[in-house]
Amino acid sequence: MTMMYYKGYEAVVEFDDESDLFHGEVINLRDVITFQGHSAAELKAAFRDSVEDYLAFCRERGEEPEKPYSGQFLVRTEPKLHKEISLAARRSGLSLNKWITAALERAIR
C-alpha cells in the first residue's frame with residue numbers, strides 16, 4: 001500500500017495486478033474521492049484532478065469542502081473511566097483536552 005498527498009488530502013493506493021491498474025482513495029474525509037491510473041504519472045494526475053473536481057463541486061453547490069480532520073472528535077467512554085481521566089488530568093495540572101492529547105501522542109510514538 002502506498003500513500004499520496006495533495007492539498008492536505010491523503011490517499012491510499014493499491015495495485016490491481018489483473019487489470020494492471022492503480023486504484024486510489026482519499027482516506028482523511030467522510031466524502032468519497034477515488035481515482036485510478038495505469039502509471040505513476042497518470043495516477044498522480046488523476047489524484048490531483050479528483051481533488052480539484054471535489055473542490056469545484058463544493059464551490060458550485062456553495063458548500064464548504066470537508067477539510068481533512070478538524071482536530072476535534074468525540075470520544076465515548078464509561079463514566080468511571082471519564083472520572084479517572086479527569087482526575088489524572090487535574091493531578092497533572094492540565095486540562096482534560098491537553099491531558100488526552102498528550103496521552104494520544106505518547107500512544108502513537
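Colleague: Which residues does Phe-35 touch, leaving out those up to four places away in sequence?
Modeller: This is a predicted model, and in it Phe-35 touches Met-4, Ala-11, Val-13, Phe-22, His-23, Gly-24, Glu-25, Val-26, Leu-43, Ala-46, Phe-47 and Ser-50.

Colleague: Nice. Which members of the largest nonpolar core touch the most others?
Modeller: Phe-35 is one of them, along with Met-4, Tyr-9, Val-26, Phe-47 and Tyr-54, in a core of 16 residues. At least two core residues come from each of β1 (2-6), β2 (9-16) and α1 (40-61). The largest share, 7 residues, is supplied by α1.

Colleague: And the sheet, what's the strand order?
Modeller: β1-β2-β3-β4, an open sheet of 4 strands with antiparallel pairing. β1 and β4 (34-37) each have a single partner strand, so one side of each is left without a neighbour in the sheet. From one strand to the next, the twist averages 30 degrees.

Colleague: How many bridges join β2 to β3?
Modeller: There are 6, with β3 covering residues 21-26. Ala-11, for instance, has Val-26 in β3 as its bridge partner.

Colleague: Where does α1 pack?
Modeller: On the sheet, where α1 touches β1, β2, β3 and β4, and its direction makes about 155 degrees with that of β4.

Colleague: Switching topic: at what angle do α2 and α3 pack?
Modeller: About 95 degrees, with the axes of α2 (residues 79-92) and α3 (residues 96-108) 9 Å apart. The two helices are therefore roughly perpendicular.

Colleague: Which residues make that contact?
Modeller: His-82, Ile-85, Ser-86, Ala-88, Ala-89 and Ser-92 from α2 meet Leu-96, Trp-99 and Ile-100 from α3. By class, that contact has 6 nonpolar, 3 polar and no charged residues.

How values were computed. Residues numbered from 1 in each chain as written. Predicted model: local features only at pLDDT ≥ 70, side-chain atom pairs only at ≥ 80, totals over all residues. Heavy atoms only, no water. Axes fitted to C-alpha atoms, helices over the stretch in contact; angles between N-to-C directions. Parallel < 35°, antiparallel > 145°, perpendicular 65-115°, else oblique. Contact = heavy atoms within 4.5 Å. Nonpolar A, V, L, I, M, F, W, Y, C, P; charged D, E, K, R; others polar. Core = buried A, V, L, I, M, F, W, Y, C linked by side-chain atoms within 4.5 Å. Buried < 20%, exposed > 50% of the residue type's maximum accessible area, 1.4 Å probe, protein only. Pairing = 2+ DSSP bridges.
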